[in-house]
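Subject: The structure, and how its helices pack

Hi,

Here is the structure I promised to pass on. Could you open it alongside these notes when you have a moment?

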Amino acid sequence: MIAPGKPGEPARTLPAEDAAKEMPDDSPNAADFEYIQMMIIHHGQALEMTELAAHQAKSDSVKRIASRIAAGQGPEIDAMKGWLKHHGGARRASGGASSGHNHDHAAMPGMATEAQLKQLRAARGAAFDELFLKLMITHHDGAIIMATSVLSDGNNVQVEEMANDVIAQQTSEISRMREMP
């Protein structure tokens with residue numbers, strides 16, 4: 001394997017076993033597993049909310065942003081489920097309940113409560129648009145908090161890439177939603 005040198009130094013050719021020793025260990029840790037497991041649930045709720053927009057929203061711009069959110073988060077859920085499967089499936093965060101980590105919806109930033117979802121399901125027209133935007137901006141803010149957290153606590157490069165994608169996509173969508181009347 002060819003290993004790049006430091007700036008100004010030539011590349012080196014290393015035997016495979018030496019190259020493996022120089023590669024950073026990006027083995028998933030508990031934070032990576034917790035993020036993926038929670039984000040699957042978090043994105044699932046966003047899809048539940050976006051499904052309502054096609055029939056209940058008044059504004060075409062709300063319908064479009066809901067469609068855009070669904071188009072982005074559906075494949076992200078599939079990628080996260082694939083990552084979990086590839087890494088041996090769901091795992092509990094180390095430390096269990098005593099570490100303060102659980103998969104209760106209330107523990108995830110930005111999740112709408114069942115009462116808020118019921119209100120959204122009942123809303124129509126402009127009232128739906130206003131509530132949808134309020135809840136989805138909060139939901140996206142929560143996803144960004146979770147993604148930022150795994151960037152500092154996680155260890156896996158793929159999870160880091162997924163988290164960076166979530167931050168970029170959802171920051172952009174929040175800007176669009178805040179501009180809507």
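This is a predicted model: local features need pLDDT of at least 70, side-chain atom pairs count only at pLDDT 80 or more; totals for chains, interfaces and linings use all residues.

Residues are numbered from 1 along each chain as its sequence is written, and side-chain values use heavy atoms, with hydrogens and water left out.

Confidence first. pLDDT is the predictor's confidence in each residue, from 0 to 100; its mean for the protein chain is 88, and 85% of the residues reach 70 or more. Helices (DSSP runs of H or I, at least four residues) and strands (E, at least two) are numbered from the N terminus. Among these elements, strand S1 (residues 2–3) has the lowest mean pLDDT, 58, while H5 has the highest, 98. Please be careful with residues 94–103, where pLDDT stays under 50.

Now the packing. Axes are lines fitted to C-alpha atoms, for helices over the stretch in contact, with angles from 0 to 180 degrees between N-to-C directions. Helix H5 (residues 125–153) and helix H6 (residues 157–179) have axes that come within 9 Å and cross at roughly 155 degrees. H5 and H6 are therefore roughly antiparallel (angles over 145 degrees count as such). Residues in contact (heavy atoms within 4.5 Å) include Leu 133, Met 136 and His 140 in H5, and Val 159, Ala 163 and Gln 170 in H6. By class, the contact of H5 with H6 has 14 nonpolar, five polar and four charged residues (Ala, Val, Leu, Ile, Met, Phe, Trp, Tyr, Cys and Pro are nonpolar, Asp, Glu, Lys and Arg charged, and the others, Gly among them, polar).

H5 also packs against helix H3 (residues 60–86), at about 30 degrees with the axes 11 Å apart. Here Val 62, Ile 65, Ala 66, Ile 69 and Gln 73 in H3 meet Asp 129, Phe 132, Leu 133, Met 136 and His 140 in H5.

H6, in turn, has helix H2 (residues 30–56) with its axis within 11 Å, crossing at roughly 35 degrees. The H2 residues meeting H6 are Asp 32, Tyr 35, Ile 36 and His 43.

Finally, Phe 128 and Phe 132 both lie in H5, four residues apart. Their rings pair (centres within 6.5 Å) and are stacked (planes under 30 degrees apart), at 5.7 Å centre to centre and 20 degrees between the planes.

Best wishes

Notes
Angles under 35 degrees count as roughly parallel, over 145 as roughly antiparallel, 65 to 115 as roughly perpendicular and the rest as oblique. Rings of Phe, Tyr and Trp (its six-membered ring) pair if their centres lie within 6.5 Å; planes under 30 degrees apart count as stacked, over 60 as edge-to-face and the rest as tilted.
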